[in-house]
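This briefing goes through the structure shown below by topic, from aromatic pairs to helix packing, the nonpolar core and individual residues.

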Amino acid sequence: MANASEPGGGGGGEAAALGLKLATLSLLLCVSLAGNVLFALLIVRERSLHRAPYYLLLDLCLADGLRALACLPAVMLAARRAAAAAGAPPGALGCKLLAFLAALFCFHAAFLLLGVGVTRYLAIAHHRFYAERLAGWPCAAMLVCAAWALALAAAFPPVLDGGGGGEDEDAPCALEQRPDGAPGALGFLLLLAVVVGATHLVYLRLLFFIHDRRKMRPARLVPAVSHDWTFHGPGATGQAAANWTAGFGRGPTPPALVGIRPAGPGRGARRLLVLEEFKTEKRLCKMFYAVTLLFLLLWGPYVVASYLRVLVRPGAVPQAYLTASVWLTFAQAGINPVVCFLFNRELRDCFRAQFPCCQSPQTTQASLPCDLKGIGL
């Protein structure tokens with residue numbers, strides 16, 4: 001990005017470029033703060049969203065809002081200072097602090113998305129274990145604390161080994177690395193790549209699990225032999241025993257279930273993953289994977305540029321590509337609420353119920369025109 005320190009003409013073009021840059025950063029800041037704060041209010045006010053997946057999403061959106069509030073004003077101030085004071089760099093302590101915050105929020109999002117991917121796999125592949133052990137707020141709180149702790153541990157080495165402010169006005173919120181291929185810089189990039197790759201492997205395993213369970217198998221009907229309506233023995237499917245255990249049994253106790261107490265009215269509320277729950281979990285998986293994929297797409301160019309600067313040389317990356325990659329990371333701070341509303345019908349319904357003033361009377365009577373049915377949601 002050119003500075004305004006060149007004498008002679010071109011001052012009008014540079015002023016227009018500076019104005020466009022400041023306007024874009026202001027728009028990103030407003031969109032990020034408005035979207036994340038609105039999303040946080042929606043989750044806090046709507047009791048039906050007080051579940052572990054939405055608690056994790058709430059933490060992710062609050063972190064994105066804090067990152068936008070901490071980084072984008074600093075970049076705007078650095079751009080104005082570069083244009084007015086011939087590129088005077090900010091203080092070294094301020095650069096290190098902002099680089100630390102950028103690394104902290106980046107690693108927090110990566111570790112949290114990895115934890116979300118693991119919980120999504122357990123919610124579908126091992127639903128009973130998930131419903132009994134991981135569906136409450138304590139599990140979400142532990143996962144959030146673990147993500148922040150791991151992010152704090154991973155963010156310190158790049159800042160302590162960082163290279164300071166740099167000549168680009170976007171540098172205050174870039175993940176500063178030493179340009180000489182320091183082990184801390186390369187370890188930082190490798191750790192981020194491993195975490196993001198492991199998250200996608202978890203979702204790939206989940207995709208294979210769902211695909212394997214969707215295969216049609218021929219039914220083998222073998223008649224069951226029974227004289228007391230218990231249907232046990234060769235050919236029994238076990239449905240009678242399951243009904244009796246769930247509290248719907250009638251007649252004498254089946255021979256194989258003597259000593260087992262049937263479930264009362266309050267028990268067995270989450271015995272199986274029924275079809276509606278399965279669809280809800282799949283929608284949550286699609287939403288979280290869309291967030292994870294966007295994290296990879298928006299942070300990927302900057303990670304590639306950092307690899308080139310560490311492994312090749314600092315000048316191997318064009319300045320325009322580096323600036324664009326940094327700005328893509330800025331956009332990631334405000335795009336998550338939009339993706340969540342697009343991929344989650346439950347969030348849209350709760351938004352209409354909690355904020356009726358934000359929609360027209362036509363929208364109140366009928367939901368979104370297509371309700372995203374064209375993409376299978």
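Rings of Phe, Tyr and Trp, the last represented by its six-membered ring, are taken to pair if their centres lie within 6.5 Å, and a pair whose planes are over 60 degrees apart counts as edge-to-face. By this rule the count comes to eight aromatic pairs, and the model in which they are found is a predicted one. Two of these pairs are described below, together with the elements that carry them.

**Aromatic pair within helix 8**

- Trp-299 and Tyr-302 form an edge-to-face pair, with 6.5 Å from centre to centre and 85° between the planes.
- Both residues belong to helix 8 (residues 275-311), where they are three residues apart, about one turn of the helix.
- Trp-299 counts as buried because its relative accessibility is 4%, and Tyr-302, also at 4% relative accessibility, counts as buried.

**Aromatic pair between helix 9 and helix 10**

- The ring centres of Phe-341 and Phe-351 are 5.5 Å apart and their planes stand at 70°, so this pair is edge-to-face.
- Because Phe-341 lies in helix 9 and Phe-351 in helix 10, the pair ties together parts that are 10 residues apart in sequence.
- Phe-341 is buried, its relative accessible area being 17%, and one aromatic cluster is formed by Phe-39, Phe-341 and Phe-351.

**Packing of helix 9 against helix 10**

- Helix 9 (residues 319-343) and helix 10 (residues 345-354) have axes that come within 5 Å and cross at roughly 100°.
- On the helix 9 side the contact is made by Cys-340, Phe-341, Leu-342 and Phe-343, while helix 10 contributes Arg-345, Leu-347, Arg-348 and Phe-351.

**Nonpolar core**

- The largest nonpolar core has 80 residues, and those with the most contacts inside it are Phe-39, Leu-112, Phe-295 and Leu-347.
- Helix 3 (residues 92-125) supplies the largest share of this core, 16 residues.
- When neighbours within four places in sequence are left aside, Leu-112 is in contact with Leu-56, Asp-59, Leu-60, Leu-143, Val-144 and Ala-147.

- Thr-329 is found in helix 9, and with 2% relative accessibility Thr-329 counts as buried.
- Apart from neighbours within four places in sequence, the residues in contact with Thr-329 are Arg-67, Leu-298, Trp-299 and Tyr-302, and this list includes both members of the aromatic pair in helix 8.

**Residues with greater separation in sequence**

- Thr-24, which is found in helix 1 (residues 11-45), counts as partly exposed because its relative accessibility is 28%.
- From C-alpha to C-alpha, Thr-24 and Met-76 are 9.9 Å apart in space, whereas in sequence they are 52 residues apart.
- Arg-47 is found in the loop between helix 1 and helix 2 (52-84), and at 70% relative accessibility Arg-47 counts as exposed.
- Arg-47 and Cys-350 are 303 residues apart in sequence, and their C-alpha atoms are 9.7 Å apart in space.

Terms used
Residues are numbered from 1 along each chain as its sequence is written. This is a predicted model: local features need pLDDT of at least 70, side-chain atom pairs count only at pLDDT 80 or more; totals for chains, interfaces and linings use all residues. Side-chain values use heavy atoms; hydrogens and water are left out. Axes are lines fitted to C-alpha atoms, for helices over the stretch in contact, and angles run from 0 to 180 degrees between N-to-C directions. Helices (H or I, at least four residues) and strands (E, at least two) are DSSP runs, numbered from the N terminus. Contact means heavy atoms within 4.5 Å. A nonpolar core is a set of buried Ala, Val, Leu, Ile, Met, Phe, Trp, Tyr and Cys residues joined through side-chain atoms within 4.5 Å. Buried means under 20% relative accessible area, exposed over 50%, partly exposed in between (1.4 Å probe, protein chains only). Rings of Phe, Tyr and Trp (its six-membered ring) pair if their centres lie within 6.5 Å; planes under 30 degrees apart count as stacked, over 60 as edge-to-face and the rest as tilted.
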